[in-house]
Amino acid sequence: MKALVAYYSRTGHTAQVAEAFQRALDAKGVSVEVLRLHRRQEAGFLACGFEARRGAKPAMVELPMDVSGYDMILLGFPTWAGRASSPANSMVAGIQNVDGKQCILFSVSAGKDGFIKGLNDIEAYLKGAGVDVIGKQGFFERDLDTAGSRVAEFVARVLGHSGS
Ligand SMILES: Cc1cc2nc3c(=O)[nH]c(=O)nc-3n(C[C@H](O)[C@H](O)[C@H](O)COP(=O)(O)O)c2cc1C
């Protein structure tokens with residue numbers, strides 16, 4: 001099985017979780033590639049919040065991206081303004097040949113349950129595009145020191161149920 005962990009991280013927290021996913025999948029014998037996506041133009045805090053509220057899709061250096069070479073796609077993004085961050089919208093719109101693939105979503109927020117709406121919205125979008133979302137996991141920024149063990153448990157549970 002070949003997996004791609006593609007993520008956007010503005011201040012490094014989502015990157016920490018992406019690395020935890022890489023370690024957990026690797027430990028399960030999954031071949032993993034990790035790709036950090038970058039905006040073509042940086043934006044300040046307020047602009048980011050407005051982008052998220054209006055569902056903007058900022059241009060990303062690495063998109064569009066063909067994911068047909070992978071069996072499983074993991075998409076990670078921070079939460080902004082109670083929603084998925086705008087680069088998450090760019091990601092789901094810009095990954096090509098993802099239909100029919102297994103997908104895992106993860107998001108980090110500074111508020112305890114801040115990630116819920118963003119994860120649900122992105123899941124709904126992907127399901128509408130024919131993607132098999134097999135799991136989603138939110139992370140509270142203050143609990144990132146325990147993210148490694150939570151990710152390992154989550155991966156074991158999800159892979160156990162996915163027939164992989
Ligand atoms: C523009 C902006 C808006 C944010 N809005 C929220 C929010 O509504 N709820 C929340 O819990 N965290 C919010 N955050 C905090 C981020 O979700 C949190 O700091 C996260 O860990 C950032 O991930 P990153 O380091 O991968 O960029 C916001 C951050 C930014 C930059």
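**Figure 1. Ala-81, with 18 other C-beta atoms within 10 Å, is partly exposed.** Burial is counted on C-beta atoms placed from the backbone: a residue is buried if 20 or more others lie within 10 Å of its own, exposed if 12 or fewer, and partly exposed in between. The model is predicted; local features need pLDDT of at least 70 and side-chain atom pairs count only at pLDDT 80 or more, whereas totals for chains, interfaces and linings use all residues. Residue numbers start from 1 along each chain as its sequence is written. Ala-81 sits in the loop between β4 and β5, and its phi is near 50 degrees, a positive value in a residue other than glycine. Helices (H or I, at least four residues) and strands (E, at least two) are DSSP runs, numbered from the N terminus. The hairpin formed by β4 and β5 has two residues between its strands.

**Figure 2. Strand β4 and its pairing partners.** Two strands are taken to pair if DSSP finds at least two bridges between them. Strand β1 (residues 2-7) runs parallel to β4 and is joined to it by five bridges; within this pair, Ala-6 stands opposite Leu-75. Strand β7 also pairs with β4 in the parallel sense, over seven bridges, and Ile-104 of β7 is the bridge partner of Leu-74. Strand β5 (residues 83-84) is antiparallel to β4, with two bridges between them. There, Thr-79 has Ala-84 as its bridge partner. Nine of the nine residues of β4 are buried, so the strand is largely enclosed by the rest of the structure.

**Figure 3. The largest nonpolar core, with 43 residues.** Such a core is a set of buried Ala, Val, Leu, Ile, Met, Phe, Trp, Tyr and Cys residues joined through C-beta atoms within 7 Å. Val-17, Phe-21, Ile-73, Leu-74, Leu-75 and Met-91 have the most contacts inside the core. The elements that each give two or more residues to it are β1, α1, α2, β4, α3, β7, α4 (116-128) and α5 (147-161). In soluble globular proteins, nonpolar side chains tend to be buried together. Two residues are in contact if their C-beta atoms, placed from the backbone, lie within 7 Å. Not counting residues up to four places away in sequence, Leu-74 touches Ala-3, Leu-4, Val-5, Phe-21, Ile-104 and Phe-106.

**Figure 4. Residues around the ligand.** The shell has 20 residues, of which Thr-14, Pro-78, Ser-109, Gly-111 and Gly-114 are the closest. Two or more residues each come from α1 (13-27), α2 (45-53), β4 (72-80) and β7 (102-109). A residue is near a molecule or strand if its C-beta atom, placed from the backbone, lies within 6 Å of it. By class, the shell has seven nonpolar, 11 polar and two charged residues. Here Ala, Val, Leu, Ile, Met, Phe, Trp, Tyr, Cys and Pro count as nonpolar, Asp, Glu, Lys and Arg as charged, and the others, Gly among them, as polar.

**Figure 5. Ser-86 in helix α3 (residues 86-94).** Ser-86 counts as buried because it has 27 C-beta neighbours inside 10 Å. Leaving aside neighbours within four places in sequence, the contacts of Ser-86 are Cys-48, Glu-51, Ala-52, Ala-56, Lys-57, Pro-58 and Trp-80. Leu-46 is 40 residues away from Ser-86 along the chain, and their C-alpha atoms are separated by 12 Å.

Figure 6. The peptide bond joining Leu-63 and Pro-64 is cis, with omega about 0 degrees. Phi of Asn-97 is near 65 degrees, a positive value in a residue other than glycine. With 12 other C-beta atoms within 10 Å, Asn-97 is exposed.

Figure 7. From the N terminus on, the order of elements is β-α-β-α-β-β-β-α-β-β-α-β-α. The radius of gyration is 14 Å, close to the 15 Å that the globule rule gives for 164 residues, so the chain is as compact as a globular protein of that length. This radius is taken over C-alpha atoms, and the rule is 2.2 Å times the number of residues to the power 0.38. The C-alpha trace spans about 40 × 35 × 25 Å along its principal axes. Of the 164 residues, 38% count as buried. Among contacts with a separation of 6 or more, 77% are between residues 24 or more positions apart.
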